[in-house]
Amino acid sequence: MLGKLRDRAVDAVEIMDDPDCDAETLRRTYANFRYVNAVVSGLRHTYRHDIRPRLSATAETSLLDIGSGGGDVARSLVRWAARDGLRLTVTAIDPDARAHDYASGRPALPGLEFRRALSSDLVAAGERFDIVLSNHVLHHLSGTELGALLVDSERLARGLALHGDIERAPLAYLGFGLGTWPFFRRSFIRADGLTSIRRSFTWRELAAVAPLGWSVRREVPYRLMLRWQAPPTGSRAIPPVAARAEAADVAQADSARAESARAAEER
């Protein structure tokens with residue numbers, strides 16, 4: 001199995017993504033996410049390093065959590081900000097009705113809203129947030145979907161976008177497999193976690209597909225952070241991902257036409 005980690009297992013499917021998977025096992029999986037994320041998500045570091053410095057005790061900061069799943073990330077952020085005396089509102093979105101029903105069915109927290117939606121729905125509605133974040137979403141996406149997420153992130157974020165995920169590596173696979181083996185027997189945590197690692201990027205792979213203006217940071221343990229920061233007001237901004245992609249398409253088309261014209265002249 002470790003030899004298969006050389007390439008992304010893009011065709012591997014997590015059990016919980018099956019709409020017909022066992023509902024009770026799925027519910028236990030959502031409930032157990034908070035324990036797994038406490039160890040592997042690096043969320044406390046992200047909060048302290050990237051989010052907390054942008055919060056204020058007097059002015060409200062808005063954050064969007066994309067692909068919020070069982071809602072444990074959103075709940076942690078709201079609680080930590082309140083504990084620190086800082087004002088943070090979190091909108092947590094997920095298109096999966098099962099995840100939304102679980103997350104929204106838990107006790108309400110001030111400043112936290114769960115919505116069943118896609119990031120593109122919020123873009124279409126013209127919504128904006130100070131910070132856009134996702135956790136363990138990137139490895140679920142195709143290349144086209146990843147590009148669309150980054151386009152949406154730049155349109156939705158006034159200040160900062162952070163997309164954290166696992167880094168694929170043999171030690172990450174072994175460590176997660178051994179560390180979860182005695183636990184989570186009645187959930188999809190272990191099986192789907194191992195599949196997630198197989199589907200995840202390495203640093204080189206993610207850096208290779210990161211558009212201009214985005215950076216990839218390595219974190220512990222076996223974490224990658226794909227990061228974008230809005231240019232300061234008045235500075236020369238890098239064009240949005242969509243505009244850069246369109247410009248690249250135009251340039252490619254122009255190059256093809258020029259090559260065709262040269263070939264015609266030679267004939």
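Reader: Hey, what supplies at least two residues each to the lining of the largest cavity?
Author: H2, S4 and S7 do. Helices (H or I, at least four residues) and strands (E, at least two) are DSSP runs numbered from the N terminus. Just so you know, this is a predicted model, where local features need pLDDT of at least 70 and side-chain atom pairs 80 or more, while totals for chains, interfaces and linings use all residues. Residues are numbered from 1 along each chain as its sequence is written, and side-chain values use heavy atoms, without hydrogens or water.

Reader: What volume does the largest cavity have?
Author: About 50 Å³. A cavity is a set of 1 Å grid points over the protein atoms alone where a 1.4 Å probe fits but can't get out; a pocket is an open set with protein on both sides within 12 Å along at least five of seven lines, and lining residues have an atom within 4 Å of a point. Points are joined across faces, edges and corners, and the volume is the space filled by probe spheres set on them.

Reader: New topic: where is the cis peptide bond?
Author: Go from Val220 to Pro221: that bond is cis, with omega near -5°. Pro221 belongs to the loop between strand S6 (214–219) and strand S7 (223–229).

Reader: And which residues other than glycine have a positive phi?
Author: His136 is one, with phi near 60°, and Phe184 is another, with phi near 55°. Most residues other than glycine have a negative phi, and most peptide bonds are trans.

Reader: Where are those two?
Author: His136 is in the loop between strand S4 (129–135) and helix H6 (143–156). Phe184 sits in the loop between H7 and helix H8 (189–199).

Reader: Is His136 buried or exposed?
Author: Buried, because its relative accessibility is 16%. Buried means under 20% relative accessible area, exposed over 50%, and partly exposed in between (1.4 Å probe, protein chains only).
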